[in-house]
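The points are grouped by topic.

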2 protein chains.
Amino acid sequence: MASKKKQLVGNMVIAQSGGPTMVINQSLVGAVIEAVAAPGIQHVYGALHGIQGILNEEFIDLGKESKATLEAVANTPSSMLGSVRKKPTPEDCRQIFAILRKYDVRYFFYIGGNDSAETTHIINEEAEANGYDFRCFHICKTIDNDLRENDHTPGFGSGARFVAQAFMGDNLDNRALPGVKINVVMGRHAGFLTAASALARVYPDDGPHLVYLPERAFSMTKFLKDVKRIYGKYGRCVVAVSEGISDRSGVPIVSKFVKEVDSHGNKQLSGTGALGDLLAGEVRSRLKISRVRADTLGYLQRSFAGLVSEVDAREAREVGRRAVKAALAGHHSGSIAIQRKPGPRYAISYELVPLKSVAKETRHMPREFINAAGNDVTDAFLRYARPLVGELPKIGRFKGYPVAKVK
Amino acid sequence: MASKKKQLVGNMVIAQSGGPTMVINQSLVGAVIEAVAAPGIQHVYGALHGIQGILNEEFIDLGKESKATLEAVANTPSSMLGSVRKKPTPEDCRQIFAILRKYDVRYFFYIGGNDSAETTHIINEEAEANGYDFRCFHICKTIDNDLRENDHTPGFGSGARFVAQAFMGDNLDNRALPGVKINVVMGRHAGFLTAASALARVYPDDGPHLVYLPERAFSMTKFLKDVKRIYGKYGRCVVAVSEGISDRSGVPIVSKFVKEVDSHGNKQLSGTGALGDLLAGEVRSRLKISRVRADTLGYLQRSFAGLVSEVDAREAREVGRRAVKAALAGHHSGSIAIQRKPGPRYAISYELVPLKSVAKETRHMPREFINAAGNDVTDAFLRYARPLVGELPKIGRFKGYPVAKVK
């Protein structure tokens with residue numbers, strides 16, 4: 001195959017990291033299909049459980065998988081190569097690089113969030129320091145939607161769709177059996193996924209009636225006042241609360257109850273009902289409302305089978321493909337960011353950005369997406385989020401022609 | 001319209017009761033469409049929030065709703081007329097009957113579970129005692145699947161489908177980030193919905209690896225032993241636990257933590273993460289496994305928008321239609337039960353059964369659906385449940401061709 005520049009020849013390793021998403025395998029398969037067709041890439045290896053799989057030299061040969069298997073995996077939720085929540089030490093990074101070199105790996109792709117971008121960046125620096133000709137790319141994913149440089153990230157649209165459909169149904173459940181219902185939503189320190197609950201509203205009195213985001217300090221007093229007001233108005237109240245809500249001094253509300261911390265220093269916010277139960281208990285005891293319930297939407301938000309946003313699935317596939325294309329085009333490193341084009345119709349572009357620009361720090365809900373009272377989202381957020389989740393289920397409602405009372 | 005027997009002429013009231021389901025409005029709309037077309041039925045009223053709406057004389061005229069609205073409502077989850085968890089007193093029943101008579105109601109339909117069948121039965125007895133010519137029917141629904149006389153109940157198939165899809169995804173999440181994952185499933189004292197988690201299995205090592213049902217006494221010691229064994233085998237473990245699991249003396253495991261009781265004497269088992277957190281805490285502290293998570297699937301199981309089992313939706317519509325048909329055919333009271341025809345292919349019949357036969361007591365998982373160890377379901381259960389949920393999402397998996405280690 002003719003090429004003006006000499007193509008870097010060697011093997012490829014791809015791996016997945018951090019919290020799974022419903023479309024993370026689209027990115028994997030997008031990259032693999034592109035790589036298998038590339039003459040410069042000899043073997044396409046998948047490392048099992050992220051960098052841990054590299055350290056353990058646990059690779060599978062993805063180039064041998066059939067097209068049918070690849071497509072089936074692409075449509076299956078949750079990181080098919082296995083994931084990891086490991087922050088490599090400098091020694092780990094040296095070892096990872098040594099192993100990649102030993103396997104003649106010249107192309108490395110790491111699908112993950114900001115922590116994974118940081119890891120990718122460190123591995124790339126190690127290669128550069130050793131003068132090793134290497135292509136090193138991060139492929140973005142996260143339901144938290146908190147990567148810098150990105151308008152939104154693959155995985156968010158499907159997670160947001162799940163949250164919206166959950167609140168659509170739960171609002172109707174609460175309408176049928178009125179009371180106060182609190183749903184705790186994932187997203188760590190970014191409120192996007194919790195905010196997506198507002199996409200559930202169809203009629204003016206639909207919940208969620210209150211939305212609490214980690215971007216605003218959470219005050220129990222204000223929360224109880226808000227719930228009391230809504231309950232007084234509608235005789236019911238549906239609340240969306242981010243797992244990451246924190247008090248004025250930045251202490252997560254849930255942190256008093258849960259101890260576990262991962263190796264990136266992140267506190268365990270999911271996989272426990274503690275925050276919802278705490279808030280429900282406060283509403284019950286302080287407002288004397290008897291029917292108060294809390295659900296924690298939990299891991300279903302990121303791994304539910306059989307529910308994706310089509311646009312999210314398409315974009316996830318594309319960032320995988322584009323990362324490999326960028327490497328083959330001669331770029332040395334970077335991350336494929338999704339950026340939105342201005343204009344009334346939804347349109348995006350894929351941009352190659354430096355690894356460092358998406359690493360470590362996270363992005364938060366911009367100010368214009370949160371209302372002044374700090375207990376709801378704005379129309380600007382709804383306009384932002386709607387194209388990402390796809391068309392939501394239709395919700396019917398009776399006109400409700402009243403029957404005159406018989407004396 | 002010609003009729004051999006003189007048709008009973010009067011108004012109709014229909015209402016919904018108990019926990020919502022994803023297809024309960026199919027039954028409502030099925031009954032309404034049938035009733036609107038019947039010459040004997042003058043007005044078709046919907047009572048808001050079950051018998052509470054009758055007591056408050058809060059009716060809407062469903063006969064005035066457009067066909068499009070009715071169809072939109074049919075495809076919307078959760079009781080559109082509103083629901084109630086009220087067990088009427090004898091005085092309530094006398095009053096309900098007096099109000100129905102005042103509104104010239106000759107046809108009454110109550111969509112609900114076994115508590116609602118009991119209420120319907122009492123109202124019917126009141127009418128009989130007063131020599132009032134009355135048609136009084138129960139229309140079955142419950143995600144718990146615990147009504148006697150029924151092979152299964154409308155609402156279960158869709159709830160089971162949600163549970164299966166949730167476990168399909170969550171099993172993959174647990175495979176990606178191994179640990180112990182405990183999911184608490186609804187169903188009160190019947191294990192059917194929890195058992196449906198087993199429909200999620202595709203590959204031999206897929207979870208749920210353990211399934212605990214309220215039909216078997218729950219022993220913490222045995223549970224920990226089971227988890228330890230599975231974790232030792234697979235390096236991970238996904239557990240399905242019914243919210244209603246009880247100890248040897250019948251005391252619900254969760255009851256030590258939650259106080260609230262409804263007016264039927266049912267303890268609040270849902271809307272709290274207490275049971276999951278309790279079990280996760282035990283696994284963490286006694287088995288010294290660090291990554292242990294619990295999710296309580298919560299109200300999403302009964303009201304999630306945009307997910308139904310097609311067969312469930314169809315059958316729910318049909319029981320509504322058939323109840324009205326039975327009343328028009330001259331039957332005085334009863335409940336439409338779904339019974340399965342023997343044979344290799346899924347086929348059912350709709351049978352009119354006496355109200356008393358489905359009232360009060362509940363049905364449990366038959367012995368042949370539970371394994372000997374009491375920690376899983378049998379193939380007989382899977383054969384029973386598969387036709388009820390419809391085709392589940394395809395789950396792909398790599399063949400996983402290993403790469404030889406480089407020396």
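In this predicted model, the centres of domain 1 and domain 2 of chain A, taken over C-alpha atoms, are separated by 31 Å. Domain 1 of chain A comprises 10-154 + 308-358, and domain 2 of chain A comprises 158-306 + 365-389, according to the domain assignment.

**Contact between the domains of chain A**

- Domain 1 of chain A places 21 residues in contact with 20 residues of domain 2 of chain A.
- The side of domain 1 of chain A that touches domain 2 of chain A divides by class into eight nonpolar, six polar and seven charged residues.

- Strand 5 of chain A (residues 135-140) is mostly covered, with six of its six residues buried.
- Arg135(A), Phe137(A) and Ile139(A) point one way from strand 5 of chain A, while Cys136(A), His138(A) and Cys140(A) point the other way; residues on both sides are buried.
- Strand 4 of chain A (residues 105-112) pairs with strand 5 of chain A in the parallel sense, over six bridges.
- Opposite Ile139(A) in strand 5 of chain A stands Ile111(A).

**Nonpolar core**

- The largest nonpolar core has 249 residues, of which Val13(A), Ala196(A), Val13(B) and Ala196(B) touch the most other members.
- Helix 6 of chain A (residues 156-176) gives the most to this core, with 10 residues.
- Leaving aside residues up to four places away in sequence, Ala196(A) touches Ala160(A), Val163(A), Ala164(A), Ala385(A) and Val389(A).

**Contact between chains A and B**

- In chain B, 63 residues are in contact with 63 residues of chain A.
- Two or more residues on the side of chain B that touches chain A come from each of these chain B elements: strand 3 (59-61), helix 3 (67-74), helix 6 (156-176), helix 9 (274-287), strand 9 (292-296) and helix 10 (300-303).
- Helix 6 of chain B gives the most to that side, with nine residues.
- By class, the side of chain B that touches chain A has 27 nonpolar, 19 polar and 17 charged residues.

**Relation of the two copies**

Conventions. Residues are numbered from 1 along each chain as its sequence is written. Chains are lettered from A and ligands numbered from 1 in the order in which they are written. This is a predicted model: local features need pLDDT of at least 70, side-chain atom pairs count only at pLDDT 80 or more; totals for chains, interfaces and linings use all residues. Two residues are in contact if their C-beta atoms, placed from the backbone, lie within 7 Å. Helices (H or I, at least four residues) and strands (E, at least two) are DSSP runs, numbered from the N terminus. Ala, Val, Leu, Ile, Met, Phe, Trp, Tyr, Cys and Pro count as nonpolar, Asp, Glu, Lys and Arg as charged, and the others, Gly among them, as polar. A nonpolar core is a set of buried Ala, Val, Leu, Ile, Met, Phe, Trp, Tyr and Cys residues joined through C-beta atoms within 7 Å. A residue is buried if 20 or more other C-beta atoms lie within 10 Å of its own, exposed if 12 or fewer, and partly exposed in between; C-beta atoms are placed from the backbone. Domain bounds come from an automatic or database domain assignment. Two strands pair if DSSP finds at least two bridges between them.
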